[in-house]
Amino acid sequence: MPKNSKVAKRELDDDVIESVKDLLSNEDSADDAFKKSELIVDDPEEKDTDVEKGSDVDRERPAWNSKLQYILAQVGFSVGLGNVWRFPYLCQKNGGGAYLVPYLILLLVIGIPLFFLELAVGQRIRRGSIGVWNYISPKLGGIGFASCVVCFFVALYYNVIIGWSLFYFSQSFQQPLPWDQCPLVKNTSHTFVEPECERSSATTYYWYREALNISDSISESGGLNWKMTVCLLSAWVLVCLAMIKGIQSSGKIMYFSSLFPYVVLICFLIRALLLNGSIDGIRHMFTPKLEIMLEPKVWREAATQVFFALGLGFGGVIAFSSYNKRDNNCHFDAVLVSFINFFTSVLATLVVFAVLGFKANIVNEKCVSQNSEMIVKLLKMGNISQDIIPHHINLSAITAQDYHLVYDIIEKVKEEEFPALHLNPCQIEDELDKAVQGTGLAFIAFTEAMTHFPASPFWSVMFFLMLINLGLGSMFGTIEGIITPIVDTFKVRKEILTVVCCLLAFSIGLIFVQRSGNYFVTMFDDYSATLPLLIVVILENIAVSTIYGIDKFMEDLKDMLGFAPNRYYYYMWKYVSPLVLLSLLIASTVQIGLSRPGYNAWIEDKAAEEFLSFPTWGLALCISLMVLAILPVPVVFIIRCCNLIDDSSGNLASVTYKRGRIIKEPSNLEGDDASLIHGKIASEVPSPNFGKNIYRKQSGSPTLDTAPNGRYGIGYLMADMPDMPESDL
């Protein structure tokens with residue numbers, strides 16, 4: 001209701017109250033149906049409240065304590081581990097600084113518009129994902145259920161990563177760090193370095209052997225890794241305790257979990273910039289490779305990153321926004337959170353490449369030292385003449401610049417024999433080109449770099465505490481995307497549902513803490529979310545722009561926000577975003593179809609990774625994950641089209657008439673609009689916002705209006721209110 005119509009509304013309410021009292025005084029005692037209905041007459045002196053803001057639904061639904069708490073929750077959900085270990089990798093791989101151009105373009109084309117759309121529908125309808133899409137189009141009600149299934153799949157393995165971070169965090173309170181040096185093995189005669197570690201590196205060995213104790217293939221279970229099982233249980237306990245009271249408990253934790261990662265990233269950036277070689281990493285990062293930017297694959301990967309960075313399709317965005325006031329400026333929120341997410345990715349990229357530049361310089365110094373020793377040996381053996389070495393160069397204490405000079409001279413002089421000398425050019429760019437992502441970046445590359453930091457345990461504690469907070473912020477949104485829709489739909493107690501959900505997830509998650517568990521994490525990460533989420537968001541866009549109607553939706557936004565959104569969003573939602581999403585879906589499907597389904601296995605004998613194909617049952621599981629995630633959409637569509645489930649309990653036979661509004665009985669206040677089992681068509685679904693029509697006498701009519709059946713009471717007239725514009729939502 002417009003804020004400038006309070007006087008008109010007060011007059012209207014007085015009119016309504018008078019009409020209801022008249023009806024009560026003249027009600028026919030023989031009308032049994034009317035006697036059974038509950039009539040509540042408000043005190044004329046009751047405090048005037050806005051229809052939308054003062055409704056019973058609003059009073060019962062929890063709300064954010066402050067706008068800051070809500071923004072931090074959305075930022076915490078959208079800013080996750082992918083910003084730290086996925087975005088820097090894509091940036092380095094796809095053109096350096098030039099990658100930011102397609103990313104920003106796609107952020108404006110699909111990121112912000114779709115994020116705004118999810119915020120708007122959640123805030124307007126004030127339900128979780130199931131209730132929102134069931135209300136907009138009951139036949140597409142399966143969208144909400146599909147979001148819940150995907151959220152559950154993602155939560156299963158995402159919390160395992162938090163468990164890994166908890167393990168490394170607990171091991172960081174040691175000097176030196178336990179992954180600083182290769183372990184020594186003692187036998188009866190002598191002591192020697194662990195061969196597997198010597199052939200790889202100390203941090204790689206610690207990750208695969210000490211932390212994961214990984215098996216050689218996905219088919220070799222190897223039993224549970226008890227250390228990681230305890231860490232996984234701890235991670236689920238943290239999530240359960242934070243979520244058990246809904247936003248009342250998780251909202252307060254957001255102040256720490258959302259802000260602390262920024263403190264750590266800034267501290268890391270300042271520290272890294274003071275390290276030798278950090279500028280080389282940042283320079284390499286932002287050196288644009290414009291020719292790579294023109295490749296279609298770069299745009300596909302940028303679109304995918306935008307899509308997942310904002311958490312579109314998970315239902316967490318809708319769930320969080322559903323606890324907002326209806327007049328909240330969700331357009332401002334969408335733009336703000338999207339750009340905070342982008343700048344966080346850039347900040348994390350600066351930190352990552354500053355640290356990797358420092359690490360690359362250390363590796364390069366070792367390379368120069370080792371190859372200088374080889375040159376000295378070649379000089380002694382007579383393979384290289386001493387005359388070609390400049391006199392000012394001291395090979396026992398050579399700099400990287402002098403080494404490159406000697407290398408170039410030897411390469412020119414020994415043109416044909418040079419390959420047989422096996423000298424390495426030791427270019428720092430070659431080391432920086434070996435970009436790693438995901439667990440390889442966090443648990444191998446970063447941990448190795450931190451061993452060279454002064455006060456390395458402190459930085460290790462800070463780094464893994466940051467990862468835990470980033471992970472928990474995303475987990476809160478993911479779990480909220482499961483809990484809120486189910487609570488809204490089936491009216492179960494949130495505390496009980498949260499505990500049951502966490503226990504079930506932990507039980508299923510035990511497959512990820514076997515010795516082969518890392519391979520299952522890779523499988524779920526690759527196949528459980530990508531295609532299903534793309535399909536979900538495409539259907540969300542179609543449901544709003546085509547089925548509900550883009551013009552009607554724009555009017556709803558104008559009514560809710562108090563201003564009309566820019567027509568830019570109209571064209572994005574109606575034309576551009578669906579086409580871009582469909583193109584992304586086709587490209588992702590082709591990419592999955594052409595790529596060989598498999599995983600990188602750690603082979604103990606080789607002390608190296610090797611790509612292996614999934615076994616037959618593994619392929620079946622990959623396909624099952626994708627099918628199960630999207631299955632609710634066709635199932636609900638068929639149920640609604642064929643009316644396979646009918647429940648008459650959802651009718652409007654029992655209502656309460658209160659201050660000119662129709663509301664549901666208190667015992668069933670919120671349930672009908674979000675329930676799958678009620679199976680109602682769109683016209684039968686009651687709006688969570690009370691509609692335009694109210695019961696009142698017509699101006700100029702007698703005190704008592706006569707119903708069409710000649711009786712007083714039930715048949716009194718329903719009149720429209722032109723001065724109360726109300727959303728169809």
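Me: Which residues make the nonpolar surface patch of about 410 Å²?

Reply: Patches join residues with over 30% relative accessible area and no salt bridge, linking nonpolar side chains (Val, Leu, Ile, Met, Phe, Trp, Tyr) within 5 Å and like charges within 9 Å; a salt bridge is a Lys or Arg side-chain nitrogen within 4 Å of an Asp or Glu carboxyl oxygen. Here the patch is made by Ile623, Val627, Leu628, Leu631 and Val635, and helix α28 (residues 616-630) gives the most to it, with three residues. This is a predicted model, in which local features need pLDDT of at least 70 and side-chain atom pairs 80 or more, while totals for chains, interfaces and linings use all residues. Residues are numbered from 1 along each chain as its sequence is written, and side-chain values use heavy atoms, leaving out hydrogens and water.

Me: Which residues make the nonpolar surface patch of about 410 Å²?

Reply: Patches join residues with over 30% relative accessible area and no salt bridge, linking nonpolar side chains (Val, Leu, Ile, Met, Phe, Trp, Tyr) within 5 Å and like charges within 9 Å; a salt bridge is a Lys or Arg side-chain nitrogen within 4 Å of an Asp or Glu carboxyl oxygen. Here the patch is made by Ile623, Val627, Leu628, Leu631 and Val635, and helix α28 (residues 616-630) gives the most to it, with three residues. This is a predicted model, in which local features need pLDDT of at least 70 and side-chain atom pairs count only at pLDDT 80 or more, while totals for chains, interfaces and linings use all residues. Residues are numbered from 1 along each chain as its sequence is written, and side-chain values use heavy atoms, leaving out hydrogens and water.

Me: Which residues gather in a patch of negative charge on the surface?

Reply: Asp and Glu count as negative, and this patch gathers Asp408, Glu411, Glu415 and Glu416. Asp408 lies in helix α19 (residues 400-413) and is partly exposed, at 39% relative accessibility.

Me: Is Glu118 buried or exposed?

Reply: Glu118, in helix α7 (residues 100-125), counts as buried because its relative accessibility is 1%. A polar atom of the Glu118 side chain lies 2.9 Å from the backbone nitrogen of Gly313.

Note on methods. Areas by Shrake-Rupley, 256 points an atom, 1.4 Å probe, with all protein chains shown as cover. Charge placed at Lys NZ, Arg CZ, Asp CG, Glu CD. Helix = DSSP H or I, 4+ residues; strand = E, 2+ residues; numbered from the N terminus. Buried < 20%, exposed > 50% of the residue type's maximum accessible area, 1.4 Å probe, protein only. Polar contact = N/O pair within 3.5 Å; in protein donor to acceptor, adjacent residues only side chain to side chain.
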